[in-house]
Amino acid sequence: MILQAEKYFLLVEKSSVSVYSYDGRLITSPRWPNMLCDHITRSTISISSDVVLIRDQIDEK
C-alpha cells in the first residue's frame, strides 16, 4: 500500500512500514511491539506532512 502526503509518501510492505521523501530518501521506518503489517488497512493508517498515524490492532484505545 502507498499513501501520499505533501512532502512524503508511506509504503506498507508485508513486514515493514517506511516513510520516504519524494527524492527517494528513507525518512523513518517506525516499529512497535507486536507489529502486524498484514493487518494494516487504509482505515487504520494515515499520513500528513508531519505525522504518521497507525491504529494498534491489539489495543484499540
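Q: Leaving aside neighbours within four places in sequence, which residues is Leu-10 in contact with?
A: This is a predicted model, in which local features need pLDDT of at least 70 and side-chain atom pairs count only at pLDDT 80 or more, while totals for chains, interfaces and linings use all residues. Residues are numbered from 1 along each chain as its sequence is written, and side-chain values use heavy atoms, with hydrogens and water left out. Contact means heavy atoms within 4.5 Å. On that basis, the partners of Leu-10 are Met-1, Ile-2, Leu-3, Val-17, Ser-18, Val-19, Ile-45, Ile-47 and Val-52.

Q: Is Leu-10 buried or exposed?
A: Leu-10 is found in strand S2; helices (H or I, at least four residues) and strands (E, at least two) are DSSP runs, numbered from the N terminus. Buried means under 20% relative accessible area, exposed over 50%, and partly exposed in between, with a 1.4 Å probe and protein chains only. Because the relative accessible area of Leu-10 is 0%, this residue is classed as buried.

Q: Which residue of S3 is the bridge partner of Leu-10?
A: Two strands pair if DSSP finds at least two bridges between them. S2 and strand S3 (residues 17-21) run antiparallel and are joined by five bridges. Tyr-8 has Ser-21 as its bridge partner in S3, and for Leu-10 the partner in S3 is Val-19.

Q: How many residues lie between S1 and S2 in their hairpin?
A: Strand S1 (residues 2-4) pairs with strand S2 (residues 8-12) in the antiparallel sense over three bridges. Within this pair, Ile-2 is bridged to Leu-11 of S2. S2 is also joined to S3 by a hairpin through four residues, whereas the number of residues between S1 and S2 is three.

Q: Which strands stand at the edges of the open sheet?
A: The open sheet has four strands with antiparallel pairing, in the order S1-S2-S3-S4. Each edge strand has a single partner strand, so one side of it is left without a neighbour in the sheet; these strands are S1 and S4.

Q: What relative accessible area makes Ser-16 buried?
A: Ser-16 lies in the loop between S2 and S3. Not counting residues up to four places away in sequence, Ser-16 touches Leu-11, Arg-31, Met-35 and Cys-37. Ser-16 counts as buried because its relative accessible area is 12%.

Q: What separation do the C-alpha atoms of Ser-16 and Ser-29 have?
A: Leu-10 and Asp-23 are 13 residues apart along the chain, and their C-alpha atoms are separated by 13 Å. Ser-16 and Ser-29 are likewise 13 residues apart along the chain, with a C-alpha separation of 7.3 Å.

Q: Which strand holds Ser-18?
A: Ser-18 counts as buried, at 5% relative accessibility. Beyond its neighbours within four places in sequence, Ser-18 is in contact with Phe-9, Leu-10, Leu-11, Leu-26, Thr-28 and Ser-29. The strand that holds Ser-18 is S3.

Q: The backbone nitrogen of which residue lies 2.9 Å from a polar atom of the side chain of Thr-44?
A: Thr-44 is placed in the loop between strand S4 (26-28) and strand S5 (45-47), and is buried with a relative accessible area of 8%. Not counting residues up to four places away in sequence, Thr-44 touches His-39, Leu-53, Ile-54, Arg-55 and Gln-57. A polar contact is a pair of N or O atoms within 3.5 Å; within protein, one must be able to donate a hydrogen and the other to accept it, and residues adjacent in sequence count only if both atoms are side-chain atoms. The backbone nitrogen at 2.9 Å from the polar side-chain atom of Thr-44 belongs to Thr-41.

Q: What radius of gyration does the protein chain have?
A: The protein chain contains zero helices and six strands. The radius of gyration is taken over C-alpha atoms, and the globule rule is 2.2 Å times the number of residues to the power 0.38. A compact globule of 61 residues would have a value near 10 Å, which agrees with that of the protein chain, 11 Å.
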